[in-house]
Amino acid sequence: MMRPILPRCASKATASQASRLLLGLRQNARRSYSIKPEAASTSQLLDIDPSKLIVEKTTKPGKLHKPEELVFGRAFTDHMLTVEWNKDNGWLAPHIKPYQNLSLDPATCVFHYAFECFEGMKAYKDKAGKIRLFRPDKNMARFNKSAARIALPTFAPTALIDLIAEYVKLESRFIPDQRGYSLYLRPTMIGTQRTLGVGPPGSALLYIIASPVGPYYPTGFKAVSLEATDYAVRAWPGGVGDKKLGANYAPCIVPQREAMSRGFQQNLWLFGEEEYVTEVGTMNFFVAMKNKQTGQKELVTAPLDGTILEGVTRDSVLSLARERLVPEGWKIEERKFTMQEVNEAANEGRLIEAFGAGTAAIVSPVRAISWKGKLVNCGLKDHEESGEITLKMKGWMEARQYGDDEHEWSYVC
Ligand SMILES: Cc1ncc(COP(=O)(O)O)c(C=O)c1O
């Protein structure tokens with residue numbers, strides 16, 4: 001049996017230090033590439049307490065925009081929700097207050113070391129005028145994982161969902177009731193300690209702002225074309241691509257601009273020499289193709305191996321597909337697949353369709369992928385903007401989001 005080599009300092013270590021070192025070495029030997037939330041969470045103090053909520057309403061209510069004039073993320077509601085945290089007390093009383101600027105010292109750690117994570121989720125108004133959140137437990141779980149990874153505090157998910165429900169009810173007039181419209185919610189957490197020292201923030205601010213939004217494709221579905229990107233990498237094993245950190249997004253803008261300059265709307269992020277297909281822009285990626293050997297129809301997406309964001313839409317699409325496509329003879333797979341495999345399927349007429357999946361667009365059909373100087377056609381005819389599965393998914397998802405298909409995913413506020 002191989003004996004672990006002890007670090008040199010071990011000769012001076014006490015017996016208990018040495019056994020701890022050995023334990024650490026053994027854990028490293030079977031390490032998996034992801035830090036568990038418990039590893040970073042420090043908050044054993046006060047949790048978020050919705051019963052302490054203080055509401056200060058605006059005295060200057062803003063004008064409502066005409067739904068058809070809404071541009072994603074430009075208009076905001078009258079109020080914001082804030083909860084401060086510090087390492088001595090834990091979470092302080094939550095506030096709903098008029099939407100306003102933050103005032104932060106230039107030395108605040110968020111500006112220097114990117115202590116920032118966020119979520120993206122939506123509130124919908126149903127036919128009866130009730131406000132519904134879509135799977136908020138999933139967003140809260142992911143928010144906690146992101147926060148923990150960058151040494152920001154975690155919180156009780158149900159407490160923040162209760163507060164979000166209060167907040168969206170107060171902003172109800174901003175939620176258009178037409179199908180396709182919703183209130184986009186942006187939960188955000190930042191480290192607020194005033195220090196240039198590199199270390200865990202001793203204070204943090206969790207805030208939520210809200211923006212009324214319209215359908216992603218106001219004139220109906222439009223299929224997008226992608227550039228397979230191999231010269232820049234969005235995420236890597238052991239990195240933080242599976243967390244929703246602001247620091248993951250800015251570096252993707254230049255490659256996106258490059259792709260757009262060549263006529264492609266988004267990047268299809270490839271990884272490694274094998275050119276594994278990972279995600280598209282800021283969406284998870286699905287491809288429907290027939291198996292080369294068996295001819296079996298398969299809906300495939302990359303597995304959650306630490307380089308893929310755990311999309312709420314991804315999870316919902318997989319679940320709906322398992323419920324409704326499997327009985328129709330489909331196989332649903334979370335597995336690694338390469339750009340070569342997609343190209344081969346296209347060449348052999350086995351590529352049925354491809355789409356991105358995310359909260360903003362729900363599903364986004366893909367027409368073609370530029371790869372190694374050629375255009376891989378993703379199965380749409382020239383006059384088509386979406387494949388059948390993509391369209392079905394959109395309908396199934398919306399039915400649950402707007403409460404037409406009453407389901408536990410829909411949380412009535
Ligand atoms: C990198 C990335 N992948 C996937 C998604 C889709 O996630 P969700 O379905 O939770 O919106 C997003 C959107 O937030 C994203 O930023």
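I began with helix α9 and listed its buried residues: Ile389, Thr390, Met393, Lys394, Met397, Arg400 and Gln401. They sit on the same side of α9, because they cover an arc of only 140° around the axis. The arc is that of the directions from the helix axis to the C-beta atoms. I used these cut-offs: buried is 20 or more other C-beta atoms within 10 Å of a residue's own, exposed is 12 or fewer, partly exposed is in between, with C-beta atoms placed from the backbone.

The model is predicted; local features need pLDDT of at least 70, side-chain atom pairs count only at pLDDT 80 or more, and totals for chains, interfaces and linings use all residues. Residues are numbered from 1 along each chain as its sequence is written.

I then looked at the face of α9 turned away from the buried side. Glu388 and Gly395 are exposed there. Just after α9, I noted that Gly403 takes a positive phi of about 80°. Helices (H or I, at least four residues) and strands (E, at least two) are DSSP runs, numbered from the N terminus.

**Ligand shell**

I looked up what surrounds the ligand. The residues include Gly120, Glu279, Asn284, Leu309, Arg314 and Thr359. A residue counts as near if its C-beta atom, placed from the backbone, lies within 6 Å. β13 (283-290) and α7 (312-324) each supply at least two shell residues. α7 gives the most, with three. By class, I have three nonpolar, seven polar and two charged residues. Here Ala, Val, Leu, Ile, Met, Phe, Trp, Tyr, Cys and Pro are nonpolar, Asp, Glu, Lys and Arg charged, and the others, Gly among them, polar.

**Cores**

A nonpolar core is a set of buried Ala, Val, Leu, Ile, Met, Phe, Trp, Tyr and Cys residues joined through C-beta atoms within 7 Å. The largest has 45 residues, and Leu268 and Ile369 touch the most other members. I found Ile369 touching Leu226, Ala228, Leu268, Val376 and Cys378, leaving out residues up to four places away in sequence. Apart from this core lies another, of 41 residues, including Trp85 and Phe134.

I checked Ala114, in the loop between α3 and β5 (116-118). Its phi is near 60°. Ala114 is partly exposed, with 16 other C-beta atoms within 10 Å. Ile362 is found in strand β17 (residues 362-371), with a positive phi of about 65°. Ile362 counts as buried, with 26 C-beta neighbours inside 10 Å.

Key: Contact = placed C-beta atoms within 7 Å.
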